[in-house]
Amino acid sequence: ATVSVVCCTMDADATSKSLKLTPRVIAEQCTDEISRRRYFEALRPFMKREDGKTPRILDYGCGDGSLMSWAVDPRVQREDGPRDITLVEANLELAARAQSKLPNAEVIHVADVDESEPWPFVDLQFDVVVLAFVLHHVPMSARAALLAEALRVGHQVLVLEDLPDEALSANARRLAWLVTEEHFRPFGQDPD
């Protein structure tokens, strides 16, 4: 099994003009889920099988399903074919929203997630395990166990985190931080 880290930031062409439009940009990136589409497109090449079989994807910590909802977009399905998607989420309300966005996916609500406990899957059950914006919610002391469990159940693990400081310009970095902060806001967390 392998772990791949995919880092996403704002587009490099952010300008001082777009920075003045911050509320609109945040709405586009967060509310309208443009950022989730960008994130999905970054992960998409890893979520295919060479043998033509349907890829089995586990999105652990799926939130409301916005990221994987792009996998069932008609254009994506025409180009890539179907994917067998399993979603795991600790928040009951988000799990319900994920189920409504992806009615054909298996959605598992896990209350009181204990990162040290084995996940309810067999070894190498999935082609890909996605940990999108999950690690920053997990205490540092529990991250190794979480990654080990992801490696147990998946042939490949994709870790997706935003790195706003890696944006190519000062304006892009500032805008990326504003979007990142907005992503953290519902959790009452500080992205630093």
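## Confidence across the model

Averaged over the protein, the pLDDT of this predicted model is 78, and 64% of the residues reach 70 or more. Confidence is highest in strand E2, residues 56-60, with a mean of 97. At the other end of the scale is helix H2, residues 22-31, where confidence is lowest and the mean is 50.

One stretch to treat with care is residues 9-13, where the pLDDT is below 50. Beyond near neighbours in sequence, this stretch has 17 contacts in the model. Where pLDDT is low, the predicted coordinates should not be read in detail.

## A stacked pair of rings

Searching the whole structure turns up two aromatic pairs. One of them joins Tyr-60 and Trp-119, whose rings are stacked, with 3.9 Å from centre to centre and 10° between the planes.

This pair links distant parts of the chain, 59 residues apart. Tyr-60 belongs to strand E2, while Trp-119 sits in the loop between strand E4 (106-109) and strand E5 (126-132). Are these two residues buried or exposed? Tyr-60 counts as buried because its relative accessibility is 8%, under the 20% cut-off. Trp-119 also counts as buried, at 6% relative accessibility.

## An edge-to-face pair

The other pair to look for is Phe-121 with Phe-126. Their ring centres are 5.0 Å apart. The planes of Phe-121 and Phe-126 meet at 85°, which is over 60°, so the pair is edge-to-face. Both Phe-121 and Phe-126 are buried.

Conventions. Residues are numbered from 1 along each chain as its sequence is written. This is a predicted model: local features need pLDDT of at least 70, side-chain atom pairs count only at pLDDT 80 or more; totals for chains, interfaces and linings use all residues. Side-chain values use heavy atoms; hydrogens and water are left out. pLDDT is the predictor's confidence in each residue, from 0 to 100. Helices (H or I, at least four residues) and strands (E, at least two) are DSSP runs, numbered from the N terminus. Contact means heavy atoms within 4.5 Å. Rings of Phe, Tyr and Trp (its six-membered ring) pair if their centres lie within 6.5 Å; planes under 30 degrees apart count as stacked, over 60 as edge-to-face and the rest as tilted. Buried means under 20% relative accessible area, exposed over 50%, partly exposed in between (1.4 Å probe, protein chains only).
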